[in-house]
Amino acid sequence: MNLMSSQPTGDSRSVASDDYGNGAIGETIFSLAAEIFPICRSITGDGVRQTLNILRRHIDLDVHEVPSGTQVFDWTIPLEWNIRDAYIKAPSGERVVDFKTSSLHVLNYSQPVHVQMPLSQLKEHIYTLPQQPHAVPYRTAYGGDRWGFCMAHNQFAQLEDGIYEAVIDSSLTKGNLTYGEVFHRGATDHEVLLSTHICHPSLANDNCSGLALLTALVKCITRRKTRYSYRFLFGPGTLGAISWLARNSSSVRNIKHGLVLSCVGDGGGPTYKKSRIGDAFIDRAFIHVLKHASSNPNIIDFFPYGYDERQFCSPGFNLPVGLFQRSQFGTFPQYHCSDDNLDFIKPEHLATSFQMITSVLDVIEGDRYYARTNPFCEPQLGRRGLYSSVGGTKDVADRNMAMLWVLNLSDGEHSLLDIAERAGVPFSVIADLASELVVNDLLTERDIVTSA
Amino acid sequence: MNLMSSQPTGDSRSVASDDYGNGAIGETIFSLAAEIFPICRSITGDGVRQTLNILRRHIDLDVHEVPSGTQVFDWTIPLEWNIRDAYIKAPSGERVVDFKTSSLHVLNYSQPVHVQMPLSQLKEHIYTLPQQPHAVPYRTAYGGDRWGFCMAHNQFAQLEDGIYEAVIDSSLTKGNLTYGEVFHRGATDHEVLLSTHICHPSLANDNCSGLALLTALVKCITRRKTRYSYRFLFGPGTLGAISWLARNSSSVRNIKHGLVLSCVGDGGGPTYKKSRIGDAFIDRAFIHVLKHASSNPNIIDFFPYGYDERQFCSPGFNLPVGLFQRSQFGTFPQYHCSDDNLDFIKPEHLATSFQMITSVLDVIEGDRYYARTNPFCEPQLGRRGLYSSVGGTKDVADRNMAMLWVLNLSDGEHSLLDIAERAGVPFSVIADLASELVVNDLLTERDIVTSA
Amino acid sequence: MNLMSSQPTGDSRSVASDDYGNGAIGETIFSLAAEIFPICRSITGDGVRQTLNILRRHIDLDVHEVPSGTQVFDWTIPLEWNIRDAYIKAPSGERVVDFKTSSLHVLNYSQPVHVQMPLSQLKEHIYTLPQQPHAVPYRTAYGGDRWGFCMAHNQFAQLEDGIYEAVIDSSLTKGNLTYGEVFHRGATDHEVLLSTHICHPSLANDNCSGLALLTALVKCITRRKTRYSYRFLFGPGTLGAISWLARNSSSVRNIKHGLVLSCVGDGGGPTYKKSRIGDAFIDRAFIHVLKHASSNPNIIDFFPYGYDERQFCSPGFNLPVGLFQRSQFGTFPQYHCSDDNLDFIKPEHLATSFQMITSVLDVIEGDRYYARTNPFCEPQLGRRGLYSSVGGTKDVADRNMAMLWVLNLSDGEHSLLDIAERAGVPFSVIADLASELVVNDLLTERDIVTSA
């Protein structure tokens, strides 16, 4: 975090630059994403546990289990799904589809099956993407009342008639829904919620990228003293968030800012979808950061479809929770198919996403109200060495102007973010100048809880 | 009306589709407009009565007479004007202008005259449209202190010199101003006011179209049980509205929504001019309906010129009354001349106008506030058969998204129109989905009078 | 002023047209600007006094002296700077730079010096504009701890090596900061503040134009009865305003509208920079006037850099003070160099600037709230001769429409400026129509202090 006046360590660098050299954070996140990529995850089952166990090597994660049959609001935790193997064997004896080569090949949550049938009949259980014939689609049957396979349309089209053997060695049994949680206590009970989904199998951007990036964030935040408390969730989509909300109703009211993140490894966007509230502090902070980080950020209004912001922003909660992605879900051809692989995500994009999010957290942590010690007329900056009268470079002029903005708007009613927005200057610049003006006795902090 | 939950008949179809087959409503309105077209109407006189008598064959209409000399606010009801014949006879004996061929030929409210004079002198009493030389203009002299004729400029230019005979067999005598009124009692005293002007002679769009369409509306509304009470006015422009307002001051406060309509039979627009309030419910409802009914509706802010919205929106009343037209008055070449004839209006345009207005009435009647029975997280739609997970057609996806909007915004603070506006979905779709969700115990109606 | 119903003289013409024939005001202002142009002004010293003495020939001006060392808020009045001569003598004995030809040639506030040195060494004390090589720059050293000269780069480049003599016969001594003030008492204590800066040497637009125009304004206003009291300041930039504010804290709260003006003689803009408040009455009035006076006015939001609006709009005061200029400072090549001479400003531009400002003062003086005597329906304008039913020219139609706007919005809640803005009609037209409607007993004035 940037503004760490409350930190005994006196560390004033931001998360991004603090813990990693330039570029290193991207490689770190990418490696972790690559490590968890092959695992077959679903909304329940050992794939989730296996993934959480890998993340636990890096962070101190609590794993929660919610038993099948548990009622969570309007929903019931389903039977746990596990899978060991799945394949289609051609008349020639060749495995033409093999779960071991990609977890996408099985219809997620398929019921078990072991049959022999003619190709014509088997085809009713095979899903392809005729318009992206080289790619294997990602499909689900969460009801657990179907079975099926996914494969490339090109390969599918070349299958020869005959009797095929189809095996799905899965189980649907009483078990649990599993999610991971990290809580970091800050100076206040006010919480920042950061959440990402863990239920997708071998899709790199959606959402190995989000799981790995959030892990890196946990690592950074938890080693620091922060103003806010932080809660990190790694749960299956929909049911994970609903389970957490059902089991933590007393914590919900502490959430002052929240973010769902996913698909953070490609080079598109950046995309920010506002909270249902629409002008919550998280919305303003994210828009501010993205406007300075990108020439053309994709800022979209809330709509009730997407990721777990659907639950956090349901009318009974109406939490200030936005969604951050690079390319927006559903808008890129790699979405929900085997093209969303490790070639699609890049360390540099992961690093940029990480920096964008930490910049927003810097705003949340650092926003304050200040007032001029003497609010009448401008102070004489020259005699304090604060005003660069010589120089004349663009940078110096910009810095001088930013300082004049801070002095003009520090009336106890404009926060640093207000000033940054009005001046069109990055929050970090405004915050640094305010600190300098405090040191020079020109500003004093006002005791207002700003962004909560 | 669409949402007739309060109706014992259980009829849930809208007015437009209910009472007429596809297209039939347009023919019905057109026929009536054609029937009243030839009549010479003015702000007073037997032409108005004759027109009201024709309308009475279809609807139960109260005819009110306001005596000449009556003071209505700042105005005085003038002498009643009636006309039996008018012509100009050329030196050859031929009638070159004849009132019997078109009521436009006489300057409306002309004083009587019977003179012989040379053409050069007569020309001062003849009005033409040099820039539309084939058309006869519509002109008035409501002061009753002039006489004159209107004719096509082409014909006018060919008149030969000589002594002409000019006859206007009119009278200006103590009598009455006449207007028609229908009141339909609904479940509440809150009123919807619908008003159109009856003072124009043989102009088809302006306003035989409005008179005929309002008659069809009366027919539909009065045979139904409605939430609102409805008041329909067929009165001469300006003085009709002023007379009604002067004589019904106690009813005025019941008017919650109002509409002036005219020129509803051509293919232009649709045009909606907002009430003086600017964001009244009628304004929002009309804009919503027209945005879905037309790719480029003409939405204009209130300005203090036009039809009787001038009176309803005067500062002492400031009623939520807008104006609906197809082409905006004064913007089309047929306006106020003989080109505004029965060829200019079409059954299909009348039908479309009728449907637009009834769609707005559906919004007014049907707007409600709902709240989720359990507002926490999304409900599980799948097990209720409410969410089409298969299908994948655009229609299914749109319907699913609309349902998610209803569920997300039904917090007791967003009405159905609020939701429809936010979701960008027609009100009728939102209202139908809300009904379905009520049946499924996911929503309950909140007891808030919404649009009043 | 336009609306002088409160004036015994009954004079209803505006300032601009009242006191001067067409064009004469421009010549008058230009002559005065030309007269004061040669004087070497700075933030202190006899140049300021000499200038004020010239202005006093035209207006009754109080001259205030603030002693060196006086504390004014965060600032201290510096030593007074005076200069008698300055030159650079070439080895040939020729004066290659001579203060007597232009006050720009000396670095403003230079400490005294009399040295001989080689050209190479002297060059460190010479300022030029390499990119405008023919022009002499305007530079300052308000600290008084440097000395230097300014010259054209072309001439500078041709200087031959050798020993030069540099003489600056200046003094920095205990003295005073000088500013001029005029107070005109109106019907109320509410004040309009008009301020311009006097500290620039021989720069015609910046700000001989402003000094001369403000003098003309004083002349006009002080001979009239006004609703507001008026305060006019002619002070050095920054320290003049700060000194006045420090010494008049009790008057500040009376300031209801204020304007800083400078650079009012060129043909650019017009530019209006809003007050920090952003939607103060002065902002609305200026924007209204400029929109009708120019097809493309340059309206800019407040930013904390520029002229003395920086002090008036500091957070402790936050006064409703805007800035009026023609071309915006810093955006034209003549800015702060010898190209800003008497050829750059024109009588016609000065006249236009004067008219724009007086039009704004007309709005400030003339804004009122009216209400209809009978607010129900429209009044019958025809029988009062107020409505031109014949005619049909664009002007007549516009006037009729403007009158309908006045009648429709005169509800005691819309002021004349509100109506003018909504109708898109100049304030003066609306105000004249309102007066006519008052005479006809259709409107009465509401006792609301409007623009304060």
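How many residue pairs are in polar contact between chain C and chain A, counting pairs with both at pLDDT 80 or more? The count is 12. The model is predicted.

1. Contact of chain C with chain A. Chain C contributes 17 residues and chain A contributes 21 residues. About 1,700 Å² is buried between chain C and chain A, and carbon and sulfur atoms give 55% of that area. Four salt bridges are counted between chain C and chain A. R276(C) forms a salt bridge with D411(A), with the closest N and O atoms 2.9 Å apart. On the side of chain C that touches chain A, α7 (239–247) and α10 (309–312) of chain C each supply at least two residues.

2. Contact of chain B with chain A. Here 21 residues come from chain B and 17 residues from chain A. The buried area between chain B and chain A is about 1,700 Å², with 55% of it on carbon and sulfur atoms. Of the area that chain B buries against chain A, 37% is supplied by C377(B), E378(B) and N408(B), more than by any other three residues.

3. Polar links between chain B and chain A. Four salt bridges are counted between chain B and chain A, and 12 residue pairs are in polar contact, both at pLDDT 80 or more. E378(B) and R310(A) meet through their side chains in a salt bridge, at 2.7 Å from N to O. The elements that give two or more residues to the side of chain B that touches chain A are α12 (394–409) and β18 of chain B. The largest share of that side comes from α12(B), with six residues.

4. The three-stranded sheet of chain B. This open sheet has the strand order β18-β17-β19, with antiparallel pairing. Why is one side of β18 and of β19 of chain B left without a neighbour in the sheet? Both β18 (411–415) and β19 (443–446) of chain B stand at the edges with a single partner strand each, so one side of each has no neighbour in the sheet. From one strand to the next, the twist averages 35°.

5. Pairing and packing in the three-stranded sheet. Strand β17 (residues 369–372) of chain B is joined to β18(B) by two bridges, and the two strands run antiparallel. Y369(B) has S415(B) in β18(B) as its bridge partner. Helix α13 (residues 416–423) of chain B lies across β17 and β18 of chain B, and its direction is at about 65° to β18(B).

6. The eight-stranded sheet of chain B. A second sheet to note is open and has mixed pairing, in the order β1-β10-β12-β11-β13-β16-β14-β15. Its edge strands are β1 (62–67) and β15 (298–300) of chain B, each of which pairs on one side only. Neighbouring strands of this sheet are turned by 20° against each other on average, direction ignored.

7. The bridge partner of F183(B) in β12(B) is R231(B). Helix α6 (residues 204–222) of chain B lies across β10, β11 (191–197), β12 and β13 (255–261) of chain B, running at about 155° to β12(B).

8. An unreviewed UniProt entry carries the annotation "domain: DUF2172" for residues 80–171 of chain A. In the model, the end C-alpha atoms of residues 80–171 of chain A lie 8 Å apart. The span is 10% helix and 36% strand.

9. Backbone points to check. Most peptide bonds are trans, and most residues other than glycine have a negative phi. G269(A) and P270(A) are joined by a cis peptide bond, with omega about 0°, and P270(A) lies in the loop between β13 (255–261) and β14 (271–273) of chain A. In chain B, a cis peptide bond joins G269(B) and P270(B), with omega about 5°. P270(B) is placed in the loop between β13 and β14 (271–273) of chain B. D441(B), a residue other than glycine, has a positive phi, near 60°. D441(B) sits in the loop between α14 (427–439) and β19 of chain B.

How values were computed: Residues are numbered from 1 along each chain as its sequence is written. Chains are lettered from A and ligands numbered from 1 in the order in which they are written. This is a predicted model: local features need pLDDT of at least 70, side-chain atom pairs count only at pLDDT 80 or more; totals for chains, interfaces and linings use all residues. Side-chain values use heavy atoms; hydrogens and water are left out. Two strands pair if DSSP finds at least two bridges between them. Helices (H or I, at least four residues) and strands (E, at least two) are DSSP runs, numbered from the N terminus. Axes are lines fitted to C-alpha atoms, for helices over the stretch in contact, and angles run from 0 to 180 degrees between N-to-C directions. Contact means heavy atoms within 4.5 Å. UniProt positions are given in the numbering used here, feature names are shortened, and annotations may be inferred rather than shown by experiment. Buried area is the accessible area (1.4 Å probe) that two parts lose on being put together, summed over both. A polar contact is a pair of N or O atoms within 3.5 Å; within protein, one must be able to donate a hydrogen and the other to accept it, and residues adjacent in sequence count only if both atoms are side-chain atoms.
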